[in-house]
Amino acid sequence: MSGHGPAIPMTSRKATPLRGVANVPGDKSISHRSLILGAMTVGETRITGLLEGQDVLDTGKAMRAFGAEVIEHGGGEYSVHGVGVGGFAEPEDVIDCGNAGTGVRLIMGAMATTPISATFTGDGSLRKRPMGRITDPLALFGARSYGRAGGRLPLTIVGAAEPMPVRYTLPMASAQVKSAVLLAGLNAPGQTVVIEPEATRDHTERMLRGFGADLTVEDTDEGRVITLTGQPEFTPQTIAVPRDPSSAAFPVCAALITEGSDLLVPNIGLNPTRAGLFTTLREMGADLTYENAREEGGEPVADLRARFSPNMKGIEVDPDRAASMIDEYPVLSVVAANAEGKTHMPGVKELRVKESDRIDAMAKGLRANGITVDEGEDWWSIDGRGPGGMPGGGTAASELDHRIAMSFMVAGMAAQKPVSIDDASPIVTSFPIFEELMTALGASLTRDNR
Ligand code: S3P
């Protein structure tokens, strides 16, 4: 899907206390990987709890275009009958990944060592995002790419007919780049090595092992050294996708800032490479606990309990934690606005190349709602006004970015005056039940017909 439907302006007014159980959708990162790895495996991979957000649906469509069979059974249950490592067929048409950076980047990696060509595009947000970070390492395998200026989409990749394994040190903290290189390495003979100076989410490594790849990880002075042996025989898997901590962040943060709230958010994936937000919130003084901690399908999982927390304080957020909470800074800034004192967030330049420039989008929208924000190229800070202290009354631009849209809807739940966004339609990419779920818990969200 290129672009979204008509804009949906939306307003969030002061919520009643948020209470009950928030069942958030499946993890977006694991959902994309389940479909892609299933498509690279001969036999039937069964997936339950798949996120049926537009991003993941677009990846499912792409896997069909490369020759896999993807069958929907209803209720988030899917089967994928894959074509095997190196078995992708050449798609007949352009692959449209919609809004999904993860989708397009991982798929480019997965096809780059197969002797086929494919052309990729996406919506107005995805077409602005840098792809050189993917095509540079793919060129080392022997894949060629032809894109717009700056390596932007639309972009064609001609896969390597005789791929060579590579050794690649990541120039930025990006799980998408790491994953693209590992997926490309699957169809190269010998050992592909990826070195990540800063640890990023490790779902690809865990899942590759689960499917039967020979993959080792070593912590060294250079960073995490990941070694993958190419051309594995994959065994089809049964995958239960845990619920998404990045989606859980929205009801959790809403409960922390909304008076009288007490929410249970069950079955949340708490992989340490993803859980940085929750550690940060606790440092700020949030009443947030993990209940029933357990392991499911190789991932740590727990039920989160979040209660209204009137005593939160602004903090210096540890930059070493940035990768483990990179998608959560927008909603953290809303919590910071409701805490006492300044919250400083350093080491976050990757925020500028997400679905939007997230520092810029949040800063503009927060300022429009009476909050003081300072920013530099790789840092930003929020002057907190204490519980319920956000004046509100402004409209933010969501800039084709689901997390910006949802963050401002959370802001409105505790602000003095309503908070509006120009367009809630991007929310379907990752959290299609956001409006319904938050309303059932006590939020007041209205679609504004302008
Ligand atoms: C993701 C990695 C992160 C994250 C994105 C999902 C993934 O992107 O922001 O939402 O599933 O690998 P980067 O690799 O650009 O940091």
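Between which two strands does the loop that holds L18 lie? I found L18 in the loop between β1 (10-13) and β2 (19-21), where helices (H or I, at least four residues) and strands (E, at least two) are DSSP runs, numbered from the N terminus.

Before going further I noted that this is a predicted model, in which local features need pLDDT of at least 70 and side-chain atom pairs count only at pLDDT 80 or more, while totals for chains, interfaces and linings use all residues. Residues are numbered from 1 along each chain as its sequence is written, and side-chain values use heavy atoms, with hydrogens and water left out.

I looked up the accessibility of L18 and found 0%, so L18 counts as buried; the term buried means under 20% relative accessible area, exposed means over 50%, and partly exposed lies in between (1.4 Å probe, protein chains only). From L18 I went to F211, which is 193 residues away in sequence and 40 Å away in space, C-alpha to C-alpha. F211 belongs to helix α6 (residues 203-211), whose buried residues are H203, T204, E205, M207, L208 and F211. As a reminder to myself, an α-helix has 3.6 residues a turn, so residues three or four places apart point the same way. Just after α6, I noted that G212 takes a positive phi of about 115 degrees.

**The ligand site.** Which residues are around the ligand? I listed K28, S29, R33, T102, A173, S174, A175, Q176, R201, I326, D327 and K354, taking a residue as near a molecule if one of its heavy atoms lies within 4 Å of it. I then looked for polar contacts, that is, pairs of N or O atoms within 3.5 Å (within protein, one must be able to donate a hydrogen and the other to accept it, and residues adjacent in sequence count only if both atoms are side-chain atoms). An N or O atom in the side chain of S29 is 2.7 Å from an oxygen atom of the ligand, and a polar side-chain atom of R33 also lies 2.7 Å from a ligand oxygen. For A175, a polar backbone atom is 3.0 Å from an oxygen atom of the ligand. On its own the ligand has 380 Å² of accessible area, of which the protein covers 96%, with areas taken from the Shrake-Rupley method with a 1.4 Å probe. The elements that give two or more residues to the shell around the ligand are α1 (28-39) and α5 (175-185), and α1 gives the most, with 3 residues.

**Cysteines.** How many disulfides are there? With a disulfide taken as a pair of cysteine sulfur atoms within 2.5 Å, I wrote down a count of 0. I also checked C97, which counts as buried because its relative accessibility is 1%, and C253, which counts as buried because its value is 0%.

The C-alpha atoms of P91 and G67 are 7.7 Å apart, although 24 residues separate them along the chain. D448 lies in the segment after β23 (444-447) and is buried, because its relative accessible area is 17%. I noted a polar contact of 2.6 Å between the side chains of D448 and T11.

S145 is in strand β8 (residues 144-148) and counts as partly exposed because its relative accessibility is 33%. S145 and L155 are 10 residues apart in sequence and 6.8 Å apart in space, C-alpha to C-alpha. In strand β9 (residues 152-158) I found P154, and the peptide bond from L153 to P154 is cis, with omega near -5 degrees.

**Positive phi away from glycine.** Where does Q231 lie? I placed Q231 in the loop between β13 (223-229) and β14 (238-240); Q231 has a positive phi of about 55 degrees although it is not a glycine, and at 48% relative accessibility it counts as partly exposed. N292, found in strand β16 (residues 287-296), is another residue other than glycine with a positive phi, near 60 degrees.
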